[in-house]
Amino acid sequence: MQHPEISLAAIHDDGSGNVHALLRALVAEWRAQGHDVQGLLTRPGPPGAACSADMVLIDVVTGEDYLISQNLGKEAQGCRADPAGFARASQVLRRAADTPAALAVSNRFGKLESLGEGFADELMALLSAGVPVLTVVSAQHREAWDAFTGGAPVLAADAQVVQAWWLSLQHAS
């Protein structure tokens, strides 16, 4: 059961489907309906590229790309996340907090956010500004999500479920 008063949720990424495509489709639909949805979505990489592809986020309002990965070489084992890329992209989420947007989307609550890095500060700023937030979380980071959010909902990767959460926000306001 969803709680309309909760304005933060994540779509569960269990690896079985493309949750980023789902989020992109929902954001496109909501923006086409005239809702002020702002934030960052993952740009799809080339087919079959998987981990070797650049990690790029797209500003849903301007279409501007933000490269958030760095090339560490083919033998590298470390995290490819580029702190400077995250810093540049973070302006999009800060703008959504300042506006404030009807909804902010963030590509993912992942490893960096679970460590208090990445977009963790921006997510808190959005919530402090009263902006509802929708993101994606995998089972790997679910415990950190629960600790970060105090147990905010994790939604099934199903368009109807996510639409119901969005509609509950509309009715609550």
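I began with helix α1 and looked up its buried residues: V19, H20, L22, L23, L26, V27 and W30. They cover an arc of only 155 degrees around the axis, which puts them on the same side of α1. The general rule is that an α-helix has 3.6 residues a turn, so residues three or four places apart point the same way. I note here that this is a predicted model.

Next I checked the length of α1. The helix runs over residues 19–32, 14 residues in total. At 1.5 Å a residue it should span 20 Å, and I find its end C-alpha atoms 20 Å apart, which agrees.

What lies over the buried residues of α1? I listed the cover, and it includes strands β1 (8–13), β2 (37–42), β5 (103–105) and β6 (133–138), together with helix α6 (159–172).

Then I looked at the two ends. At the start of α1, N18 brings a side-chain oxygen to within 3.1 Å of the backbone nitrogen of H20. After α1 comes G34, and its phi is positive, near 95 degrees.

**The sheet**

I traced the strand order next. Seven strands make an open sheet, β4-β3-β2-β5-β6-β1-β7, with mixed pairing. β4 (65–67) and β7 are the edge strands; each has a single partner strand, so one side of each is left without a neighbour in the sheet.

I went through the pairs around β1. β1 and β6 pair in the parallel sense, over six bridges. Here A9 has L134 of β6 as its bridge partner. β1 also pairs with β7 (residues 154–155), again in the parallel sense, over two bridges.

Is β1 covered or open? I find it mostly covered, with five of its six residues buried.

I also looked at β5 beside β6. The two pair in the parallel sense over two bridges. A104 stands opposite V133 in β6.

**The cores**

I turned to the nonpolar residues. The largest nonpolar core has 25 residues. Which members touch the most others? They are L40, L57, F86, A89, F119, L126 and W145. The elements giving two or more residues to this core are β1, α2 (83–98), α4 (120–128) and β6. α2 gives the most, with six residues.

Leaving aside neighbours within four places in sequence, F86 is in contact with I68, A81, L112, E113, G118 and F119. There is also a second, separate core of 20 residues. Its members include L23, L41, V162 and L169. As a general point, nonpolar side chains in soluble globular proteins tend to be buried together.

**T99**

My last stop was T99, in the loop between α2 and β5. Its relative accessibility is 43%, so T99 counts as partly exposed; the cut-offs that matter are under 20% for buried and over 50% for exposed.

What does T99 touch beyond its sequence neighbours? Not counting residues up to four places away, I find D36 and Q38. T99 and D36 are 63 residues apart along the chain, with their C-alpha atoms separated by 9.6 Å. With Q38, the side chain of T99 makes a side-chain polar contact of 3.5 Å. The T99 side chain also reaches the backbone oxygen of R95, at 2.6 Å.

Methods. Residues numbered from 1 in each chain as written. Predicted model: local features only at pLDDT ≥ 70, side-chain atom pairs only at ≥ 80, totals over all residues. Heavy atoms only, no water. Helix = DSSP H or I, 4+ residues; strand = E, 2+ residues; numbered from the N terminus. Expected span 1.5 Å × (residues − 1). Buried < 20%, exposed > 50% of the residue type's maximum accessible area, 1.4 Å probe, protein only. Arc of directions from axis to C-beta. Contact = heavy atoms within 4.5 Å. Polar contact = N/O pair within 3.5 Å; in protein donor to acceptor, adjacent residues only side chain to side chain. Core = buried A, V, L, I, M, F, W, Y, C linked by side-chain atoms within 4.5 Å. Pairing = 2+ DSSP bridges.
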